[in-house]
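Visitor: Before we start, I would like each label set against its cut-off. Can you take me through the structure that way?

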Amino acid sequence: MDYSYLSHLYCPKCQQTYSPAEPEHLCICGSPLLVAYDMERLSHSWSRDQLQTREPDLWRYHELLPLQDPTYKTSLGEGMTPLIPLPTLQANMNIHKLYMKDEGVIPTGSFKARGAAVGVSKAKELGVEELAMPTNGNAGAAWSLYAARASLKSTIVMPVDAPKITRNECALSGANLFLVDGLISDAGQIVAKAVKQSGLYDVSTLKEPYRIEGKKTMGLEIAEQLGWRVPDVILYPTGGGVGLIGIYKALKELQQLGWIAKDQMPKLVAVQSEGCKPIVEAWEKGLKESTFWPNSETVAFGINVPKAIGDFLVLEALYETEGCAVSIDDTSLLEEQKHITQTEGVFVCPEGAAAFSAARKLRSEGWITEEDEVVVLNTGAGIKYPDTVKMEVPVLNPGDTIKTKV
Ligand SMILES: *Cc1c(COP(=O)(O)O)cnc(C)c1O
Ligand SMILES: [Zn+2]
């Protein structure tokens, strides 16, 4: 048995193929590259039963991951996050079954850890010594921390107003960290220049093919946790869309292996913010690609991506699964965040709250039906956003008496 059944890289736009033995970035046509496995051989040698004795982390699916030599595995125990039933919230929304896939409990506090674990491990295997990326915060934190774990160097550029906590994570990890007085797109240009000049390994979103493979494990886990079947609907807070592309890829691979039924595919929903909704706009117009969203703004900084390089793959997944794209304003998502915390005790991140708010909206419009089984991704921990929540709390003097309600 091979550790990985990695076969080759291919371009989903022009079908050009590439060898996985060399570091690769975009296709010559400009498209991101995807990873292909030897599914024929794998379906004969791998069975669901073999998973039963494996560790509860994402490496349990190593046959379907790109790392070929486990010596380079860089892990902090990421993956197999809980799929939590939400009885109070589901009754409140009048949805038959509602689950939270809770990525708030993963190392580095956001699901970016999945992409970083697999991406950094593969970079190490390919002989990379220093990686570089622009970030809005969580990705830079995850990649610089996993780079530290793998003894790789990292150069990170983020906007000055990216959340301070992610800035501290990068700085503390020993990354070569820079702030730019501008947007993530400005950070991207600076990184691109540095990559060209010094040969740093560019790990910008979808500019290396392995981050998707890490994120697709969310799809593998959801299917396994439901007993090898899929829900009716999956809602995902969408920035670059890597997670959504990954979940779709994972479920198609499970169909190919025969681990889930061939006609089983959930409707995939891309959730964006009112202040940055290029995918929603493109989906509403039935377009195959999105256009740059100017002056984007939202408290859910993880989904503040005005133009995603993989937008055509996100839209294809929405069309193919008969899903949809929805936007939520900041006031509604903050309301929902409070509501979830009060009813279910999970302090979700603003991006996750947006996805729950979208479930509520789609249910009230009848798009989600009363019978549906729905999974919502909470992509990170609320505690990473200390300044987003503003509450008034009474201050007592020593010796004061508290007025109780009972
Ligand atoms: C990055 C991020 C997202 C968006 O992820 P994509 O896969 O790039 O769409 C959502 N939520 C959080 C917390 C994030 O950090
Ligand atoms: Zn191509």
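Guide: Axes are lines fitted to C-alpha atoms, for helices over the stretch in contact, and angles run from 0 to 180 degrees between N-to-C directions. Helices are DSSP runs of H or I with at least four residues, numbered from the N terminus. This is a predicted model, in which local features need pLDDT of at least 70 and side-chain atom pairs count only at pLDDT 80 or more, while totals for chains, interfaces and linings use all residues. Residues are numbered from 1 along each chain as its sequence is written, and side-chain values use heavy atoms, with hydrogens and water left out.

Visitor: What makes H8 oblique to H9?

Guide: The axes of helix H8 (residues 217-225) and H9 cross at roughly 50 degrees and come within 7 Å. Angles under 35 degrees count as roughly parallel, over 145 as roughly antiparallel, 65 to 115 as roughly perpendicular and the rest as oblique. The pair is therefore oblique. The crossing of H8 past H9 is right-handed, the near helix being turned clockwise from the far one by less than a right angle.

Visitor: Which residues of H8 and H9 meet?

Guide: Met218, Gly219, Leu220 and Ala223 of H8 meet Gly243, Ile247, Ala250, Leu251 and Leu254 of H9, where contact means heavy atoms within 4.5 Å. By class there are 7 nonpolar, 2 polar and no charged residues. Ala, Val, Leu, Ile, Met, Phe, Trp, Tyr, Cys and Pro count as nonpolar, Asp, Glu, Lys and Arg as charged, and the others, Gly among them, as polar.

Visitor: Why is H9 called oblique to H11?

Guide: Helix H9 (residues 242-257) and helix H11 (residues 311-320) pack at about 50 degrees, with axes 9 Å apart. That angle makes H9 oblique to H11. Their crossing is left-handed. Leu244, Ile245 and Tyr248 of H9 make the contact with Leu313, Val314, Ala317, Leu318 and Glu320 of H11; the classes are 7 nonpolar, no polar and 1 charged.

Visitor: What makes H12 and H13 roughly perpendicular?

Guide: The axes of helix H12 (residues 330-344) and helix H13 (residues 350-364) cross at roughly 95 degrees and come within 8 Å. The two are therefore roughly perpendicular to each other.

Visitor: How is the chain divided into domains?

Guide: Domain 1 is 6-73 + 110-202 and domain 2 is 83-108 + 216-383, with bounds from an automatic or database domain assignment. Their centres, taken over C-alpha atoms, are 22 Å apart.

Visitor: How much area do domain 1 and domain 2 bury between them?

Guide: About 3000 Å², with 66% of it on carbon and sulfur atoms. Buried area is the accessible area (1.4 Å probe) that two parts lose on being put together, summed over both.

Notes
Chains lettered and ligands numbered in written order.
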